[in-house]
Amino acid sequence: MTKKIPALFVGHGNPMNALDEQNPFNQKFAEITQTFDKPKAILCISAHWYSEGLFIMGNPNPPMIYDFYGFPKALSEVQYPAKGSPELVTQVQELLADTDLKVDPERGFDHGAWAVLKFLYPKADIPVVQLSLDATKPAQWHADLA
């Protein structure tokens with residue numbers, strides 16, 4: 001039997017936290033990943049990707065998205081060079097075959113993803129795929145989807 005890895009529900013707080021390795025939030029992010037096996041891939045749902053319809057990131061080399069303004073330049077220089085995962089995209093498409101899931105081949109990592117992932121898995125050595133929230137659906141639809 002395969003040991004399941006837990007779903008994590010985490011938030012980045014102030015975007016400036018992404019620049020502070022000593023921040024207690026970030027230290028706890030690093031600690032929590034030591035309590036379970038390293039995943040083969042990560043499916044990330046960020047509240048910063050709110051779309052008309054349900055989308056999944058299909059970019060094998062996701063760029064960084066700096067979806068904010070008014071912060072120091074250093075925040076717009078953060079890199080999280082994880083790869084995407086065509087295999088995970090296919091698996092999610094199969095699992096959500098009853099939905100109208102569309103692939104976005106250009107999408108990259110928004111700060112809702114990279115601001116947390118860079119402390120959960122700082123080596124960026126686990127493929128990551130983002131799934132959007134569908135603005136046309138109610139919260140219960142999303143809970144049922146999960």
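Q: At the start of α3, which side-chain oxygen reaches to the backbone nitrogen of Gly-112?

A: A polar contact is a pair of N or O atoms within 3.5 Å; within protein, one must be able to donate a hydrogen and the other to accept it, and residues adjacent in sequence count only if both atoms are side-chain atoms. Here a side-chain oxygen of Asp-110 comes to within 2.8 Å of that nitrogen. This is a predicted model, in which local features need pLDDT of at least 70 and side-chain atom pairs count only at pLDDT 80 or more, while totals for chains, interfaces and linings use all residues. Residues are numbered from 1 along each chain as its sequence is written, and side-chain values use heavy atoms, with hydrogens and water left out.

Q: How many helices and strands does the chain have?

A: Helices (H or I, at least four residues) and strands (E, at least two) are DSSP runs, numbered from the N terminus. The chain has four of each, helices and strands, in the order α-β-β-α-β-α-β-α along the sequence.

Q: Is Trp-114 buried or exposed?

A: Buried means under 20% relative accessible area, exposed over 50%, and partly exposed in between (1.4 Å probe, protein chains only). Trp-114 has a relative accessible area of 1%, so the residue is buried. In α3, 10 of the 10 residues are buried, so the helix is largely enclosed by the rest of the structure.

Q: What covers the buried residues of α3?

A: Contact means heavy atoms within 4.5 Å. The cover includes α1 (24-32), β1 (42-51) and β4 (128-134).

Q: How many aromatic pairs does the structure hold?

A: A pair of aromatic rings is described by the distance of the centres and the angle of the planes. Rings of Phe, Tyr and Trp (its six-membered ring) pair if their centres lie within 6.5 Å; planes under 30 degrees apart count as stacked, over 60 as edge-to-face and the rest as tilted. The structure holds five such pairs. One of them joins Tyr-66 and Trp-114, edge-to-face, at 5.9 Å centre to centre and 65 degrees between the planes. Tyr-66 lies in the loop between β2 (55-57) and α2 (86-95) and Trp-114 in helix α3 (residues 111-120), so the pair ties together parts that are 48 residues apart in sequence. The rings of Phe-68 and Phe-71 are also edge-to-face, because their centres are 5.6 Å apart and their planes stand at 85 degrees.

Q: Which residues do ring pairs link into a cluster?

A: The cluster consists of Tyr-66, Phe-68, Phe-71 and Trp-114. Tyr-66 is partly exposed, at 25% relative accessible area.
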